[in-house]
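Colleague: I have a model open and would like to learn how to read it. Could you take me through some features one at a time?

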Amino acid sequence: MSTLAGTTTREVVTTPLGQRRSDLLTKLPAEGALAWVRGGEGLVGWGEAARLEVSGPDSLAQAERWFARWCAEAHVVDPVQLPGSGPVLFGSAAFDPERGTSVFVVPAVVLGRRDGQTWVTTTGAPDGPDGADHEVTEFPAQAADTSIGRLSYADGAVDAVTWCGVVAAAVERIAAGELGKVVLARDVLVTADHPLDPRRLLLRLAARFPSCWTFAVDGLLGATPELLLSRTGGVVESRVLAGTGSRAADPAADAVLAEAFAGSAKDHAEHRYAIDSLADALRPFCTDLEVPDEPSVLTLPNVRHLASDVRGHLRADGPGLLALVDAVHPTAAVGGAPTGAALALIREIEGMDRGRYAGPVGWVDGRGDGEFGLALRCAELTGGAGGAEARLFAGCGIVGDSDPMAELAETQAKLAAVQAALQD
Ligand SMILES: C=C(O[C@H]1C=CC=C(C(=O)O)[C@@H]1O)C(=O)O
C-alpha cells in the first residue's frame, strides 16, 4: 500500500537559522514526532507531506524508488547543502519485511543541526499552510515533565520462563551444528496511568544515552547504540555491536566486571559473527573497507558492549543508501549466522512478532546521504494518540555456550534503558 500526498508540484524550502543551541527535541509536537538525534545534533520532524507503508521482500527498494520519484517532482530551494538539508525521508523498516510493515514519512517540517549549523526545511504546496513561513515554536517545558503515574508491566508474547526454554532449545540446535549464532528477543508490555508523551521519553533517553542515537518514527521510540550504516558522500560508516556485559553501581565491582568482559571468549565469538556479516555484505560495494582487528568496549549506563567502528569508500557506481541498508540487514547483531538458518530459527521458535524492533531506522536525504541505526532499546507506543501503553523489546545473541538465565538477565538490563526513562 502506498499513498503519495499532494499532486501539485511540491515546494521544499530549507532556511538557515544560524548557530542555535536550543535542544532540537524540545521543538517537537506530541503528535507524529520524528527524530534522529545524537549529542545535540541531527534531525527532528513533524507533519506528513507524504507517507509510504510497504511490506514484502523489496520494501526498502520500493521506498528508495518512491522517494526518488517524490524528489524529482519537488522544487527544492536549499542554500544549506549539508547532509539532512533539503528533502528528507524518515524510515523505520520491519525486522523481517516478509512479515512486517515498514513505514516511511516525508515530514512537513524538519529542523536540522549539523556541525553547529541549524536549519528548517518545510515541505508543502506553494503558498500552502505548510509552506516556508511555518513557525518553529518550542513546546512548554512541562510537557516533557508531566507525570505518567504508576507503571504496570505484563508479559509480552512469551513469558520469561518460557523464553529461557526457547534459548535452551536454540543452544541445542547450535550444538547440533545447524547454525553458529542466533539472536532471540522478547517483549514486555507496559501500561501507565496517564498518556505517554513521546517527547518525555525522547528527552530522557537523549540525556541518559548521549553516545546513542535517539530516534522516533511512527510511534517507535528509543536510543540505539548501534549504527547499521551511514552514508556521507562516498563514505560509509557503521558501528557494529554484539557481546554484552553487565554494570555494577560500585566502581570497584564495575572494574572487575569490565575486565572479565574484555576477556570474555563467548562475547568475542558473538561479536565476530556480527562484524563478519556486516563486512562481508558491505565489502562488494566499496573500494576499501577498514575493519578493526579487535573490538573496543562501549560503556553505557546500563550495559557494556563490544563495538567495532567500520569505515569505507563506496564504488562510484554504488547503489543508494536504502539499497545498501537492504544488502547488509539483518547482520548477525540482530539475526544470526548463517543468516538464512538464523532467520528460519527465529521464525520457528521465538514466538513473537518483532514488527519494526531490530529493523533499520533512520533517515535519508535527496542526495542519498543519511543514517540508519538498528531499532534497539526501544518502545513501540501501542495506545495510539494519547495512549498509555507500550511494548518494550530486548534481544540477545545466543551461541553454543549461552546460559538461558544469563541471557534473560541480559534482556532485563537492556530493557532497563527505556524503563528508567519511563519512570518518574
Ligand atoms: C538485539 C539487541 O542487541 C544487540 C546489540 C548489541 C548487543 C547484542 C548482544 O550482545 O546480544 C545484540 O546483538 C537488543 O538490544 O535488543
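Modeller: Let's start with P330, which sits in the loop between helix 7 and strand 20 (336-337). Helices (H or I, at least four residues) and strands (E, at least two) are DSSP runs, numbered from the N terminus. This is a predicted model, in which local features need pLDDT of at least 70 and side-chain atom pairs count only at pLDDT 80 or more, while totals for chains, interfaces and linings use all residues. Residues are numbered from 1 along each chain as its sequence is written.

Colleague: What is the geometry of the peptide bond from H329 to P330?

Modeller: That bond is cis, with omega near -5 degrees. Another cis bond joins A337 and P338, where omega is about -10 degrees. P338 belongs to the loop between strand 20 and helix 8 (339-349).

Colleague: Which elements make up the protein as a whole?

Modeller: Its secondary structure comes to nine helices and 24 strands. The radius of gyration is 21 Å, close to the 22 Å that the globule rule gives for 424 residues, so the protein is as compact as a globular protein of that length. That radius is taken over C-alpha atoms, and the rule is 2.2 Å times the number of residues to the power 0.38.

Colleague: How do I read burial?

Modeller: Count neighbours: a residue is buried if 20 or more other C-beta atoms lie within 10 Å of its own, exposed if 12 or fewer, and partly exposed in between, with C-beta atoms placed from the backbone. Of the 424 residues here, 50% count as buried.

Colleague: Is D115 buried or exposed?

Modeller: D115 is exposed, because it has 7 other C-beta atoms within 10 Å. Its phi is near 50 degrees, a positive value in a residue other than glycine. You will find D115 in the loop between strand 9 (109-114) and strand 10 (117-124). A358 also has a positive phi, near 70 degrees, but it counts as buried, with 27 C-beta neighbours inside 10 Å.

Colleague: How should I read strand pairing, and which strands does strand 15 pair with?

Modeller: Two strands pair if DSSP finds at least two bridges between them. Strand 15 runs antiparallel to strand 16, and four bridges join them; T232 has V235 as its bridge partner. The two strands form a hairpin with two residues between them, and G233 in the turn has a positive phi of about 60 degrees. Four bridges also join strand 15 to strand 22 (residues 370-374), again antiparallel, with S230 partnered by E371. Strand 15 (residues 227-232) is largely enclosed by the rest of the structure, because five of its six residues are buried.

Colleague: What surrounds the ligand?

Modeller: A residue is near a molecule if its C-beta atom, placed from the backbone, lies within 6 Å of it. The shell holds 19 residues, and the closest are L241, T244, L376, G395 and G397. Strand 12 (181-192), strand 16 (235-246) and strand 24 (389-398) each give two or more residues to that shell.

Colleague: Finally, how do I judge a helix, say helix 9?

Modeller: Compare its span with the expected one, 1.5 Å times one less than its number of residues. Helix 9 (residues 404-422) has 19 residues and reaches 27 Å from its first C-alpha to its last, close to the 27 Å expected. Then look for bends, each being the angle between axes fitted to the seven residues ending at a residue and the seven starting there. Helix 9 has a kink of about 35 degrees, centred on A416. Its buried residues include E407, E410, K414 and A421.
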